[in-house]
Structures are given as C-alpha cells and as structure tokens.
Amino acid sequence: MSQDDALDKADAAFRRGDAAGAEQAITQEWRDLAKAPGDALHILAMVRMAQNNLADAEKFIRGAARAEPRASPARLRRNG
C-alpha cells in the first residue's frame, strides 16, 4: 500500500466513525511516527480528540506543524 493509500484509508475510517481503524492504518504504514507526514499526524490528532484525549491530540497537532511547517490549517485537513 502506498503512503497516499494509507492516508486515504485512515481518513475514510475516521469519517465513518472508526477511530481505531484510522489509527491502525497510520501505525501500520508508519511504525515510527517521528517519520510520519503532517497529514498522518493530523489524522491521529483527530482520533485523539474523538477519544477526548486532548493532551495527546495537541502533541500530534504540534508534530504535524513541525513535519510540514508551510502547510496551512486548511491543507492539513485532507479531502475537505
């Protein structure tokens, strides 16, 4: 599976309410999250927010901003 496919799979899972499936798609593609792109970290932040784990959500959002500092907030949201 390509990285874009993994992001699409994670995004689709999250949009249908499957936070665990979204996280699994990300962590299968990027076992080392330090190497994950901003889009992947943003999806994980949304997962943590859905789980009401705001501390981890903030960490992932900050990681996404570090991974892609030139990305606008609108760009960080895939497909939407």
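## Crossing of H1 and H2

In this predicted model, helix H1 passes helix H2 in a left-handed crossing, a term used when the near helix is turned anticlockwise from the far one by less than a right angle; helices here are DSSP runs (H or I, at least four residues) numbered from the N terminus. The axes of H1 and H2 come within 7 Å and cross at roughly 165 degrees, the axes being lines fitted to C-alpha atoms over the stretch in contact and the angles running from 0 to 180 degrees between N-to-C directions. The two helices, H1 and H2, are therefore roughly antiparallel (over 145 degrees).

Contact (heavy atoms within 4.5 Å) joins Gln3, Ala6, Leu7, Lys9, Ala10, Ala13 and Phe14 of H1 to Gly21, Ala22, Ala25, Ile26 and Glu29 of H2. These residues divide into 8 nonpolar, 2 polar and 2 charged.

Beyond its neighbours within four places in sequence, Ile26 is in contact with Leu7, Ala10, Leu33, Ala40, Ile43 and Leu44.

## Arginine 48

Arginine 48 lies in H3 and counts as buried because its relative accessibility is 12% (under 20%, with a 1.4 Å probe and protein chains only). Not counting residues up to four places away in sequence, Arg48 touches Glu23, Asn53, Asp56, Ala57 and Phe60.

## Basis of the values

Residues are numbered from 1 along each chain as its sequence is written. Local features need pLDDT of at least 70 and side-chain atom pairs count only at pLDDT 80 or more, whereas totals for chains, interfaces and linings use all residues, and side-chain values use heavy atoms, leaving out hydrogens and water.

Conventions:
Buried < 20%, exposed > 50% of the residue type's maximum accessible area, 1.4 Å probe, protein only. Parallel < 35°, antiparallel > 145°, perpendicular 65-115°, else oblique. Nonpolar A, V, L, I, M, F, W, Y, C, P; charged D, E, K, R; others polar.
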